[in-house]
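Biologist: Hi! I'm new to this one, could you walk me through it?
Modeller: Happy to, let's bring it up.

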Amino acid sequence: MDDKQLATGIHNRDEKMLECLIDQYGGLIKSIVSHHLPEYYREECINDILFSIWNHIGQYDPDKNSLKNWIGAISKYKCIDYKRKYYRENFVELDDTIPAADQTEQCILQQEIQAETEQLLKALPERDRELFRRRYIEEESMDEISASMGIERTVLYNRLSRGKKKLRNFLRRGHREEPV
């Protein structure tokens with residue numbers, strides 16, 4: 001079955017089309033989730049992904065991307081949401097109350113997120129990387145960044161906007177091109 005029929009069927013709330021989608025793209029979803037999440041979160045995340053597809057199929061635009069890539073992006077972002085959820089649920093001051101295995105898993109997950117973030121930011125020039133780190137990772141205000149970098153806020157907003165567009169394009173291409 002082609003992507004247009006699947007998308008139209010799901011948009012029309014045809015449950016059989018959702019089953020066809022699962023048959024056709026279930027392996028992709030499971031592969032992405034298995035790569036990014038510990039086993040005990042996988043089933044819930046997969047259900048969330050399918051629920052998102054069901055509820056947001058109207059946002060799928062075949063002119064911008066294939067259904068496979070759209071589903072892959074939803075899967076990846078849901079996995080990131082689940083990693084964040086895992087951190088929030090399990091973050092406690094690291095002391096003797098947390099077994100060493102849990103500490104190790106938290107460290108590994110944190111390192112994975114940092115590595116993915118750094119890989120993504122490599123698509124930007126160094127000055128924009130610094131801006132993105134300070135704004136979105138260190139959560140500095142635009143006023144603080146503007147004052148310390150000596151750049152007007154409007155210029156910073158423009159650079160962030162262009163950087164976001166560049167990152168979206170980089171993600172759409174699937175990291176095929178070498179970063180800047």
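Biologist: Let's start with Tyr41. Is Tyr41 buried or exposed?
Modeller: In this predicted model, Tyr41 has a relative accessibility of 8%, under the 20% cut-off, so Tyr41 counts as buried.

Biologist: And which residues are in a ring cluster with Tyr41?
Modeller: Ring pairs link Tyr41 with Tyr40 and Tyr82.

Biologist: How many aromatic pairs are there?
Modeller: The count comes to four. In one of them, the ring centres of Tyr41 and Tyr82 are 6.0 Å apart and the planes are at 75 degrees, so the pair is edge-to-face. Tyr41 sits in helix H3 and Tyr82 in helix H4, so the pair ties together parts 41 residues apart in sequence.

Biologist: What about Phe132 and Tyr136?
Modeller: Those two form a tilted pair, 5.5 Å centre to centre with 50 degrees between the planes. Both lie in helix H6, four residues apart, about one turn of the helix. Phe132 is buried at 6% relative accessibility, while Tyr136 is partly exposed at 39%.

Biologist: New topic, the largest pocket. How much space lies in it?
Modeller: About 2000 Å³. It is lined by 44 residues, and the closest to its centre are Lys76, Tyr77, Ile80, Leu120 and Leu171.

Biologist: Which helix gives the largest share of that lining?
Modeller: H4, with 13 residues. The lining as a whole divides into 17 nonpolar, twelve polar and 15 charged residues.

Biologist: Last one: where is the kink in H2 centred?
Modeller: On Tyr25, with a kink of about 60 degrees. Tyr25 is also among the buried residues of H2.

Terms used:
Residues numbered from 1 in each chain as written. Predicted model: local features only at pLDDT ≥ 70, side-chain atom pairs only at ≥ 80, totals over all residues. Heavy atoms only, no water. Bend = angle between axes of the 7 residues up to and from the residue. Helix = DSSP H or I, 4+ residues; strand = E, 2+ residues; numbered from the N terminus. Buried < 20%, exposed > 50% of the residue type's maximum accessible area, 1.4 Å probe, protein only. 1 Å grid on protein atoms, 1.4 Å probe; cavity = no way out; pocket = protein on both sides within 12 Å on 5 of 7 lines; lining within 4 Å. Points joined across faces, edges and corners; volume = space filled by probe spheres on them. Nonpolar A, V, L, I, M, F, W, Y, C, P; charged D, E, K, R; others polar. Phe/Tyr/Trp six-rings, centres within 6.5 Å; stacked < 30°, edge-to-face > 60°.
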